[in-house]
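Me: I have a protein model open and would like to go through it step by step. Could you help me read it?

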Amino acid sequence: MAHIHIFILTALLLLPSNLHAWTGKVIGISDGDTIKVLHNRQQVKIRLHGVDTPEKKQAFGNKAKKFTSSMVAGKIVDVQETDKDRYGRTVALVNVEGKSLNRSLVKSGYAWVYKKYCKDSFCRDWLKDEKRARKQRLGLWQDPHAMAPWEWRHKGKDRGIGQTGFHGNTSSHVFHKPGCKHFNCKNCTLEFATRAKALSAGYRPCGMCRP
Ligand SMILES: [Zn+2]
């Protein structure tokens with residue numbers, strides 16, 4: 001008799017509901033902080049709450065994506081919705097096998113704590129994790145000049161207008177001035193305050209924008 005009750009109770013708990021916590025299978029990784037989860041036969045795009053991983057075109061963007069993939073791809077995850085973002089995406093805390101994906105990204109140096117949106121009490125612990133990762137030069141912190149993705153996105157929007165400084169291409173070692181179409185290129189992730197600093201770092205001026 002007790003077994004039947006437990007069965008009914010469990011069945012009720014598993015019924016689709018409007019609760020903001022649910023379980024689903026990860027069917028896609030868009031980037032380090034955005035995944036697709038199958039829930040009630042529907043694909044839900046989820047933006048991880050409180051963290052920001054490097055953009056695809058930024059250094060470590062791909063590595064952040066790989067990290068997320070290694071943690072959750074194809075797995076069953078617990079999704080705790082916290083919000084909807086301005087693109088209508090579900091913002092959530094994601095747990096896999098009892099571990100927080102959001103926090104793991106920060107701990108391993110693949111994400112910044114998104115301070116602007118991380119206002120919960122646990123965010124303070126996450127910031128400590130970020131500090132530790134930075135100190136240990138984990139992941140993206142191997143680059144001491146790592147630019148926060150929100151700054152990077154902002155710079156991309158007004159490509160060079162009103163900007164100072166130069167962007168060095170870490171692969172070709174060519175540097176560009178604001179306004180150049182290569183200013184925010186894939187590998188143009190290193191910033192120099194002055195032309196002289198770029199030159200002394202061994203970077204060559206771009207032939208097109210002639211910085
Ligand atoms: Zn240039």
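This is a predicted model: local features need pLDDT of at least 70, side-chain atom pairs count only at pLDDT 80 or more; totals for chains, interfaces and linings use all residues.

Me: How many helices and strands does the chain have?

Reply: The chain has 6 helices and 12 strands. Helices (H or I, at least four residues) and strands (E, at least two) are DSSP runs, numbered from the N terminus.

Me: And what share of the residues counts as buried?

Reply: Of the 211 residues, 32% count as buried. A residue is buried if 20 or more other C-beta atoms lie within 10 Å of its own, exposed if 12 or fewer, and partly exposed in between, with C-beta atoms placed from the backbone.

Me: Which residues touch the most other members of the largest nonpolar core?

Reply: They are Val51, Val94 and Leu105, in a core of 30 residues. At least two residues each come from β2 (34–39), β3 (42–48), α2 (61–72), β5 (76–84), β6 (90–96), α3 (101–107), β8 (112–113) and α4 (123–135). Helix α2 gives the most, with 4 residues. A nonpolar core is a set of buried Ala, Val, Leu, Ile, Met, Phe, Trp, Tyr and Cys residues joined through C-beta atoms within 7 Å.

Me: Why would such residues gather?

Reply: In soluble globular proteins, nonpolar side chains tend to be buried together.

Me: What does Val51 touch?

Reply: Not counting residues up to four places away in sequence, Val51 touches Asp33, Asn102, Leu105, Val106, Ala111, Trp112, Val113 and Tyr114. Two residues are in contact if their C-beta atoms, placed from the backbone, lie within 7 Å.

Me: What comes just after α2?

Reply: Gly74 is found there, with a positive phi of about 75°.

Me: New topic: in what order do the strands of the open sheet lie?

Reply: The 4 strands lie in the order β11-β9-β10-β12, and the pairing is mixed. The edge strands, β11 (190–192) and β12 (204–205), each pair on one side only. Two strands pair if DSSP finds at least two bridges between them. Strand β10 (residues 174–176) and β12 run parallel and are joined by 2 bridges. Val174 stands opposite Arg204 in β12.

Me: Is Arg137 buried or exposed?

Reply: Arg137 counts as exposed, because it has 12 C-beta neighbours inside 10 Å. Its place is the loop between α4 and α5 (149–157).

Me: Where does Arg210 lie?

Reply: Arg210 lies in the segment after β12. Although it is not a glycine, Arg210 has a positive phi of about 45°. Arg210 is exposed, with 9 other C-beta atoms within 10 Å.

Technical notes
Residues are numbered from 1 along each chain as its sequence is written.
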